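Subject: Structure handover

Hello,

Here is the structure for you to look through. Please open it first, then read my notes below.

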Amino acid sequence: MKKTLPFACLCVASTCLSANVPLGSLWNATLGPDKVLRIDSTGEAAFEWTRYAMTTRAASFKPNCRYEITFRAKVDGIDKGSYLYAIIRPESTGGAEKDVGDLPVVPTDGEWRACKMKFTTGSEPDYRLQFHSHNRIKAEVADLDIKELEPVRYETRIPTASPAARPEGLPAGAREFDVELPRPKSDLVLDAADFGVSVDNPDNTGAFRKVFAAAKDRGAAKVILAPGDYRLADATSLVLEGFEDFTFDGQGARLISGRRQGPFLHLRRCVRTRLMNFSVDWDWEKAPLASLVEIRAVGQGTVDLHFKDYDDFPNKQASFLVLSPFDPVTRSIGVEGMSTKGLAPFWGELAPFPGEWIAPNVARLKTDTNGLKAGELYRLQHYYYQLNGILMESNEHLRLEHVTILSTPGHAFLVYGTQHHMLFDHVDIVAPKDDPRRVITCTADHLHIAQSRGFVKLENCEFSLGGDDIFNMHDCSGFARANGAKTIRTQNAPAYGMLKKGTKVELRHGDYSPTGFTGTVAGTKAVQAGHGVFDITFEEEIPTEKEDGFVMFDKTFDTHNIIVRNCFFHDNRARGLLILARDVTVENNIFRRQEMGAIKIETGYTLNAWSEGYGVSNVVIRGNLFENQNPSGSNSLHRERTIYAGIYLKRDPSEDVTDYPIIRDLLFEGNTFRNSCGVAAYVTSSQNVTFLDNVFEDPVPRRRELPYRAQLFFANARDVKVFGSDYKPSASVTPAVVYDAGSCERMEVR
């Protein structure tokens, strides 16, 4: 069935549905007599978010049907990161979490580009095709065509009681390794107090710099700090660089930061270094990181927020960045049927306060009010990615033991460079138990590895109450197209513009299948550096493109061999673990109340945002408890999930599946899935996946009882074994393995 939809059937929206633009704020969109839609937002200020512009009429899409949309687009971007964004979204409910299709169209260099989207609608009755702008653009859209496709044929298998032998050839996961202790060359121990570090000092930054400089100059084995609270009010970071065989022992001290830029502590190129027995905190008296707010009233484009823990909120210039639904019983974010709402750009400088204070503890915020109701509780973040806690760059054999992050803006721990061999032992990210204002710990990820050489171990840690994922592990990939016999031109790949001569870069086809080519960089040349566009020339001739473009893997980095063991991860926004690496073992951990699910196993690249991961293989997830996951309802193919495995390919045209098994060799063994909201696992674009002897317990009814609750779902998967599933009796659950019969091969269920 095919519908050709002329642009005469498109209508300019009467209101703005973006969460970040005031109601009624529309940019220019005109339909010419040639039936070409012309969009021009260059007259507005740059704004790093999407702006709602156009929508199809109500009859365009039916619920629970599969569609393909094609159109041609020509896009000229004015600002860094500008692009046209086509999405399929219900008009009356939700935001991005309800999207069933999306396609960013980046600047096309004056050429028309063919665009295609495939998607399946859910149960909402009012899906629309919408065009948004990210920053300022000029764009033209023509030849829109909507085609209804045949529905996907799903099959269901009910596990039986038949015994099954343990399969052979199962993944082994990470191999064990040690992180070396310091091997000091002297017995010299320096006391920080001798260099002016004092609990009475309003700013100890300079004194700490003195003691660390002396330790490095004199080859000290250790610096010690007496117990107590030590303030660091300087605007900049503490830096430990080039230390070798060194220990910092805080002996229970708390370091309280009020900096305005940089990380709290920057560890750079240290070898066999040990940090232990201290905590890090933020100065909440001056600038709370987040607040518990109650919606007092919802007006026309405004919402009144009551700051429940303050009679007089201390920072009237605070940014309002993210609203996350708050559960007063568990005192954590994540409420069934409610979703986090972005209010302003998360990156760069803090956004100015967008409203007025109508009482010492009540702010009137100018924003889209879609979905907000009086009486609801939210955690309001004032910081996100602007600062970080402990930044670790290119260290070797780094140990953190009995270190606590009570609070810090940004990521609690951020790793990049060629760092390898890291131990986190009894490292906790927890809020003080005696202060109800502390509704957040870190405002972004708890632990984020942007690049490394692997060998990371987390043992006996507790991570909680963060503003984003628990542990994101990956290296950064990038997209490029051929631009000569030995040259490629990157697209949205800023990190690849800094490649040094001699760097080895592997090129994969756009579906991640191998090209067999790993080239040696001869040089790089900036084309549009602000847009991540560079020409990379190799010493060797590049291969022929199989389809549109290549994926680049910088072989300098290799995040692999990760062990996460005996940890407690709970009550955070977004996901638990993001596994974008190989040789990973996750065992005997507790995952509780992750807002968007416990584990996401993925690899992907985009033309407009991030490109992360070199593939996933040899992953063992064993003996863990997954409890009350994904209350926000994050879903794929309308199946909310505890665990997700899949890819994303944001290119033109694309679908988020691939026949090449860039994700492979996964074992889920002996885990307990308790009180699931949706499917226990959604697995796609994967090969050699085994679920073995897992337990499913669902005694508690959910607010929304989904028919697929606690089941396993597969699409574009091969060589799948589901053996020994133990479903405890529950009126809420129908045990089953469901799969797309047209895309799955060699399914074995016992």
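**A buried histidine**

H509 counts as buried because its relative accessibility is 9%. Buried means under 20% relative accessible area, exposed means over 50%, and partly exposed lies in between (1.4 Å probe, protein chains only). H509 sits in strand β39, residues 504-509. Strands are DSSP runs of E with at least two residues; helices are runs of H or I with at least four; both are numbered from the N terminus. Beyond its neighbours within four places in sequence, H509 touches P514, T515, T544, E545, K546, G549, F550 and V551. Contact here means heavy atoms within 4.5 Å.

Some background on the model. It is predicted: local features need pLDDT of at least 70, side-chain atom pairs count only at pLDDT 80 or more, and totals for chains, interfaces and linings use all residues. Residues are numbered from 1 along each chain as its sequence is written, and side-chain values use heavy atoms, with hydrogens and water left out.

**The barrel**

Strand β39 belongs to a closed barrel of 6 strands, in the order β37-β38-β41-β40-β39-β42, with antiparallel pairing. Neighbouring strands of this sheet are turned by 45° against each other on average, direction ignored. Axes are lines fitted to C-alpha atoms (for helices, over the stretch in contact), and angles run from 0 to 180 degrees between N-to-C directions.

Take one pair. β37 (residues 477-482) and β38 (residues 487-491) are antiparallel and share 4 bridges. Two strands pair if DSSP finds at least two bridges between them. A480 faces T490 in β38.

**A strand covered on both faces**

Look at β59, residues 737-740. V737 and Y739 are buried on one side, and V738 and D740 are buried on the other. In a regular strand the side chains alternate between the two faces of the sheet.

β59 pairs with β12 (residues 154-157) in the antiparallel sense, over 4 bridges. There, D740 is the bridge partner of Y154. β59 also runs parallel to β57 (residues 712-723), joined by 3 bridges. In that pair, F714 stands opposite Y739.

**Cysteines**

How many disulfides does the structure hold? It has 0. A disulfide is a pair of cysteine sulfur atoms within 2.5 Å. For C442, the nearest cysteine sulfur is that of C461, 13 Å away. For C476, the nearest is that of C442, 19 Å away. C442 is buried, at 0% relative accessibility. C476 is partly exposed, with a relative accessible area of 28%.

Best wishes
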